[in-house]
Amino acid sequence: MAGGDGEDTVVQVSPVGRLAATVDRLRREVRAAQAEADGRALVELAKGILVERLGCGPAQAARQLAELTEQAGVTPLEFAVEVINQASRDRLSEVTTAFLAATAGRGGTPGAPEQGSSAVELRSAESAALAAHDAQAAADSLLEHALTPLGAVAVGIWALGADGSLTLAGSAGFSPAEVDRWRHVPPGVATVARRGLTERTGQWIGRLSDTGLPSVGRHQHPDGGRAAVPAGAGGRIHGVLEIVWPTPLEPQPPRIVRQIEALAELCAHTLETYALRGPHDDPGPRVLPDAVELMDLADGLHDPALVLVPEVDAGGNLVDFRIHHVNARFLDPAGRPRGAVSGALLLEAYPMAAGESGLFEQVERVYATGEPFRTQRMRLTALVDEVPLAAVADISISRHGGSVLLLWRTEDETARLANLLQHAQRLGRIGGFEENLLTGEITWNGQLHHLYGQSAAEGPVPLEQLPAHAHPDDAVAIGRFLRTVLHHHRPAATAFRLQRPDGVTRHIRVAAEPVLDSDGRLYVVRGAYQDISAHHWTEVALAVTRDQLAHSEQQASERHRLALQLQHAIMPPAQAPLEAPGLRVAVRYRPAETEQLVGGDWYDAVVLPSRLVLLCVGDVAGHGIEAATSMVVLRNALRGLAVTGAGPGQLLSWLNMVAHHLTGSVTATAVCGLYDPDRRSLRWARAGHLPPVLVRGSEATPLPLVTGLLLGAVPEAAYEEHEVQLAVDDTLLLYTDGLIERRDRSVEESLTHLLTTARTLQPTLEQQLDRLLTHSRSDTDDDTCVIGVRVA
C-alpha cells in the first residue's frame, strides 16, 4: 500500500500470486530440462556416427566433434544435427532444406525459432516423437518443434482401429472439452481425418467451412486450413496426422508436402506402440493374433485359405507378401501341390496377381487400412512354365494383427456348367429325354415331368405313346414324326398340342435324333421337348394385331388422301399472280415436307365488289382431315363475310363466332386486311397471328402488334384495327409461322432473320417470295403460306 510523503511504496504479493509464479518457474525448468535432454541425445548420436565413420573411441569422437564445432562457428547441437543429416539420408534430412526455406524470415516473430536452429527443431521433434511414451507426448513435441514454425496452431494424431474406427490418440492446441467430444469416431463417419486415408498424399483443405466436413476444433478455426496425412510405415497405415492452421491454407509446394509426410511417418512408430499397449483409458495390453494363431484359424476353416505375412526391403518399404501357410483345403489354380506354393512370395507364385485381377493391390490395401475385401468370381491367372492358366474364384481378404488371411475358393467348372445348363432348361422351358429301345429304360429330367404335369413317381411316357397324350387333330403330324425317327432313322421335329391330366393344353415342340450301333441298328433315341405356348399365343395375338393395323392403315391412308385432295383443291402449291388496280399480288404455298402432316394453313387474295382487295392468311391448329375441313370453312366464311363491306376487325369478330360455334370449337390464327387502291392505304387486324412485314427501300419492319385473341378461344371477341399508308414500290408480306418457326430459336430471333432476308429486293415480286422460302430456316416441317403485295 502507499504511504505519505517520503514513505516507500510497499507491494504485497498474495499467496495465489506466489504459487502461480512458482508453477511458471517450474514449467520453464522442465522445458529447459527436456530441451537439454533432447539435445544431449542428438549430440550422443552424432558422437556414435563419428565413432563408426572414423574408427575411433568415444573420447576421441567427443574431442573431434568439439574441434569441428569450433571450426564451423556453430553450437554443438547444430553441428550434431548436421552430422546426423549427412549420415542418415532419410526423409527428415531431405525435408530439412524445405523447412529452412519455409521458416525463413520468421526470426522477428515472437515464438518463432531462429533460422539456424530450424534443423535442430526438426531433429528434436523426431527424437521426442520416437522416445515419447504415448501419442499425446508425440503430439506436443510435433506442434512445439516442427509445426508451429509452419504457422500451425493445433495437431491431432488419430489411431486407426481394426474395425475402421478412429481414436484421437494424442492432440495439442485443442480445448479439453473439444478433445473429449472427439475422443472416438465410429466407422463410416465422414471426417477430415477419414478423408485423409483415401489418398496417399492425404487431404489438403484450403478452408474447412467450404467442405462441410466435421472435425475436431472446427468451431475454434472454422475458416482455417487443414491437412490430414496417413501415418504409415512398411506398407501399413496406423492412423492419420491432422494439422490445423488458423487462416485459409494456400496450395503447398511439394517440399512442404514431403515435410508433412515425413512427420506423419514419425507418428506411425508411436501409433504402432499405442495399438499394442492400448489407449489411455485402457492401459492393459491388447492381444492381437499373430501368424501362429492365424495358421490355427486357417486350418479350422472349410474354405481354402492362405496366411500372408508382409515382406519389406532394407528401407522398411513393403515389396511383397510371403505365403506363410496354406491349409489342407487349398487348391492351386495351376494344380501345383501345396508345398510348391507355401513359403513362396505371392508375386513369385502368382505373378499375374499384380495384373488384370488386381489381387495384389487389394491385399496391399487391406494390410494398409485393415478394411476387409470380399468379391465373387474374380478372374485369376497363374503363370506356370510360361503358360497362363486361368481360373475364377471367390475372394475374401482380412487383416489379423500383422498378417493377412486370404480365402481363395476356386469355382468347380463342371458343376458350374451343369448348374448353368439346368437354369437354361428351366428358363427355356425345355425338358430332355433319352430312351433305350433295347432295355426299355427311359430317362427324363425334372423339367420334362413338369411339362407333362405329372410327378416323377408316375414314370416317363414312351415316345411311341405320344399320340395318346396329344390332341386328336395332331395325330397325322405326330405319326410322320415317329416314322421319320423310329423307322427311317433320321432326326425330326414337330409341334403338337399336349393334353395334360390336369386339363391344361400346352403347345409343345418335340425334337429327337436316333442313335445307331456299329451294325446300323437303332438302340437309343434322345431328344427334348420345349413348351412354346407363349410363343404360339404371341403369334396369334400378332396376327390379330396385324389385321387390325392393316385396317387402321387403310383408313388412315384414305383420310389422308381426302385431306390432301381437299387442301390442293382449295390452295394449289402454285397460283397465277392476282391483278388489281395499282397493285401486284403474288402468293406462295409450300406444303409440309411430310405428307402425313396435312395442315390447316390457308391464304386468300381477292378483289371485292367494292374494288377493295381482301388479303388474309390463317393457320388452323392441328393436322389431318379435321384441320383441312376447318380451314375450308373459315376461308369460305371470310370470303362471304367480306362482301358486306365490314372492316377487318368486324370480319374477324364474325369469323371468331364461326370458329367457336360452327366448326366444333376449332382454334386458329389469322391476319385480315383490306387494301384501298385509290388511297393506297391498308386497314388490317390480327387474331393471335404474327403481324405483316413492310419492306420500304432497304428497310424491313414489322407492323405494330395490335391486340386480338386467336379465333375460337371464346364465344365473342373484339379485334383492334390499324391503318398503314403505303407508297409506290412498297412491299407488304403476310405469312404463316411455318416460314420462320424453329425448335431451337425464339420467335424474336427467327423474325430478325426474316427481316434481314426481306431487305434484299428482287427484280420481281415472285422472285422476292421465292427467295424468302429458299432462305427460310424453319425446321418444324409445317405448311407455309406467304402473300406479297407490291404497290405500283
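**Reading the model**

Reply: Buried means under 20% relative accessible area, exposed means over 50%, and partly exposed lies in between (1.4 Å probe, protein chains only). This is a predicted model, in which local features need pLDDT of at least 70, side-chain atom pairs count only at pLDDT 80 or more, and totals for chains, interfaces and linings use all residues. Residues are numbered from 1 along each chain as its sequence is written, and side-chain values use heavy atoms, with hydrogens and water left out.

Me: Where is R611 in the chain?

Reply: R611 sits in the loop between β19 (599-607) and β20. Helices (H or I, at least four residues) and strands (E, at least two) are DSSP runs, numbered from the N terminus. R611 also has a positive phi, near 70°, and is a residue other than glycine.

Me: What is the phi of D729, and is D729 buried or exposed?

Reply: D729 has a positive phi of about 75°, although it is not a glycine. It lies in the loop between β25 (721-725) and β26 (731-735). At 56% relative accessibility, D729 counts as exposed.

Me: How many helices and strands does the chain have?

Reply: The chain has 22 helices and 27 strands. Of its 792 residues, 44% are buried.

Me: How do I read a sheet?

Reply: Look for pairs. Two strands pair if DSSP finds at least two bridges between them. Here an open sheet of six strands has the order β3-β2-β1-β6-β5-β4, with antiparallel pairing. β3 (184-185) and β4 (203-205) stand at the edges with a single partner strand each, so one side of each has no neighbour in the sheet.

Me: How many bridges join β1 to β6?

Reply: Six bridges join β1 (residues 154-160) to β6 (residues 236-244), and these strands run antiparallel. The bridge partner of A154 in β6 is V244. Helix α6 (residues 135-147) packs on the sheet and touches β1, β2 (166-172) and β6. Contact means heavy atoms within 4.5 Å.

Me: What about a hairpin?

Reply: Take β7 (residues 305-312) and β8 (residues 318-326), antiparallel strands joined by seven bridges. L308 has I323 as its bridge partner in β8. Five residues lie between the strands of this hairpin, where G316 takes a positive phi near 80°.

Me: How do I read two packed helices?

Reply: Use their axes. These are lines fitted to C-alpha atoms, for helices over the stretch in contact, and angles run from 0 to 180 degrees between N-to-C directions. Helices α21 (residues 747-758) and α22 (residues 765-774) pack at about 145°, with axes 10 Å apart. L754, T757 and A758 in α21 meet Q768, R771 and L772 in α22.

Me: Last one: how do I read a core?

Reply: In soluble globular proteins, nonpolar side chains tend to be buried together. A nonpolar core is a set of buried Ala, Val, Leu, Ile, Met, Phe, Trp, Tyr and Cys residues joined through side-chain atoms within 4.5 Å. The largest one here has 28 residues, and L638 is among those with the most contacts inside it. The largest share of this core, seven residues, comes from α19. Leaving aside neighbours within four places in sequence, L638 is in contact with W602, L614, C616, L651, L655 and C672. Another core, of 27 residues, lies apart from it and includes A146, L150, I157 and A231.
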